[in-house]
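Please open the model in your viewer and keep the sequence panel beside it. The stops below follow one another as selections.

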Amino acid sequence: MVFDLHNDLFTSTLSPARIVRAQCAAADIAVYAVWTSELSRPMEFIRKCLRYPAGKHFPFAVEDLGFAREDEVEEICALRPLYCGLTHNGRNRLAGGALSFGSLTPLGARVAKRLNRAGIAVDAAHLNRESFFAVADCAVKLIDSHTGLESVCSHPRNLTDEQVRIVLDHGGVVGLTAVRDFIGGHRAEDYVRLIDSFVQRYGVDGACIGTDFYGTDALTGLRSYKDFAAIADKLSDLGYTEREIDKIFYQNAQNYFSYRSKENI
């Protein structure tokens with residue numbers, strides 16, 4: 001089973017009909033992230049996505065809340081995404097993105113706290129270093145939905161050792177992504193190397209899957225969820241037990257978001 005923290009199906013180039021068909025081949029749980037940065041009417045798009053069969057039965061997330069007015073932040077809280085990111089790679093009125101500059105703004109801090117009060121995690125995936133540390137100072141529920149590791153491949157989008165430990169110290173999880181530029185390779189074996197590097201440095205409990213399917217070029221040998229059977233075999237060859245693989249693929253994410261059933265807005 002796979003619990004994918006980040007799938008870009010809703011903002012892919014697929015037609016609505018193909019989106020519906022694609023969700024039938026999804027993981028046991030795939031979080032559909034709505035990338036709002038290039039949408040002209042983000043809230044309308046989000047509402048439309050939630051009318052798809054996939055939107056009704058699978059959790060969703062918002063990638064870049066920079067567009068949202070105060071009333072729209074309240075509406076998003078009522079819609080209950082699993083997590084929201086404050087920005088994409090650029091700077092906006094909430095925070096600085098990974099490929100930009102600037103820190104968390106006072107408005108961004110208020111939005112992060114409001115999300116947490118609603119039981120919605122703040123996603124650090126696209127924050128630059130300065131914004132990351134500022135968000136970590138004010139957020140209670142902090143995750144990274146799709147990232148690589150700076151220790152494996154140097155990239156502004158990847159987490160440093162200090163950042164990983166901060167996410168884990170918040171009780172959060174890290175979605176390990178299958179993006180070529182972030183893992184320093186283009187093969188499934190490179191993805192296995194990323195997973196193993198994380199576990200060797202930080203343990204198995206915070207490691208999750210965050211593919212970024214439909215938002216990036218697929219890896220050779222990892223093009224769909226059915227290919228995770230081969231990923232599991234490769235991890236098994238490295239000495240991972242079935243229980244450890246299940247934790248990485250599914251249980252860690254499931255356990256993290258279990259608080260949602262106990263909290264109300």
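Helices (H or I, at least four residues) and strands (E, at least two) are DSSP runs, numbered from the N terminus. This is a predicted model, in which local features need pLDDT of at least 70 and side-chain atom pairs count only at pLDDT 80 or more, while totals for chains, interfaces and linings use all residues. Residues are numbered from 1 along each chain as its sequence is written, and side-chain values use heavy atoms, with hydrogens and water left out.

Select Asn-158 to begin, in the loop between strand 6 (142-147) and helix 7 (161-169). Is Asn-158 buried or exposed? Because its relative accessibility is 0%, Asn-158 counts as buried (under 20% relative accessible area, with exposed over 50% and partly exposed in between, for a 1.4 Å probe and protein chains only). Now display the side chain of Asn-158, which reaches the backbone oxygen of Cys-153 at 2.7 Å and has a polar atom 3.0 Å from the backbone nitrogen of Gly-148.

Next, select strand 2 (residues 29-35), where six of the seven residues are buried, so the strand is largely enclosed by the rest of the structure. Strand 1 (residues 3-7) pairs with strand 2 in the parallel sense over three bridges, pairing being called if DSSP finds at least two bridges between two strands. Strand 3 (residues 60-63) also pairs with strand 2 in the parallel sense, over four bridges.

Note on methods. Polar contact = N/O pair within 3.5 Å; in protein donor to acceptor, adjacent residues only side chain to side chain.
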